[in-house]
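Hi,

Here's the structure I promised to pass on. Have a look at it first, then read on for what turned up.

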Amino acid sequence: MDSKGQITIDYLISITIFLFTVIFVFNYTSGIFAPFNSNSDEITLIADRTATALVEKILSEGDETVPNLVTMTKADIFFTELGTNYTDTTSYLGLSGSYVSYDFNVTLQNGTGLINMAGKPIPSRVNVGQTKRIVLIKDDTGNTEVAIMSFRVW
C-alpha cells in the first residue's frame, strides 16, 4: 500500500507553480541587466515627432486628401533655413531647450540620388534616432515625384 498521498492533481499544481516562479525570476532578472539610461527610444520618438511636424504641417501643401504631399518650394525654403539659421530652426522645431538640446539632420532623396540635405553632419559612435517618410514632392508645375525624407536626431 502506498502512503505518500500524492495524486495527479497535486503534482500538476506544484509543477505549474514552480514553472510560474521560474518564468517570473527570469523576467525580473532580465530587467535588472538592462541599461538604466538608455535613451534610444526617446531619441527615436523625438525624430518621429519632428518628422510628423515637418511632413504633415510645415512642408505640407495643405491638401488633407493626399497624405505626405510636400511642396518643393517649402522644402527648399526649409533646407535653406536649416543650413543658414540652424539654431533658430531647431529651436522652432522644439529640439533645443534650456535642459537638453538635440542635433538634427534631414536628407531628401529620390530614386536617382540625393535632392537636398541640411543640418549637422552625423557623428560616429553616437546614439542616433532616425525616421524615414515616403513623401510626394510637388513642384511648381504641379508634377509629383516620390521621394524619401530621412530625419536623424542625436
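Leaving aside its neighbours within four places in sequence, which residues is G119 in contact with? They are L82, Y86, F104 and N105. Keep in mind that this is a predicted model.

A bit more on G119: you'll find it in strand 3, which covers residues 114-119. Its relative accessibility is 32%, so G119 counts as partly exposed, since buried would need a value under 20% and exposed one over 50%. D103 sits 16 residues away from G119 along the chain, and their C-alpha atoms are 7.9 Å apart.

Next, go to the loop between strand 3 and strand 4, where N127 is found. N127 has 35% relative accessibility and so is partly exposed. Between its C-alpha atom and that of V153, 26 residues apart along the chain, the separation is 8.7 Å.

Now for strand 4, residues 129-138. In a regular strand, side chains alternate between the two faces of the sheet.

Strand 1 (residues 69-71) runs parallel to it, joined by 3 bridges, and T71 stands opposite K138. With strand 5 (residues 144-153) the pairing is antiparallel, over 10 bridges; here T131 stands opposite F151. The hairpin of strand 4 and strand 5 has 5 residues between the strands, and in it G142 takes a positive phi near 100°.

Cheers

Notes
Residues numbered from 1 in each chain as written. Predicted model: local features only at pLDDT ≥ 70, side-chain atom pairs only at ≥ 80, totals over all residues. Heavy atoms only, no water. Helix = DSSP H or I, 4+ residues; strand = E, 2+ residues; numbered from the N terminus. Buried < 20%, exposed > 50% of the residue type's maximum accessible area, 1.4 Å probe, protein only. Contact = heavy atoms within 4.5 Å. Pairing = 2+ DSSP bridges.
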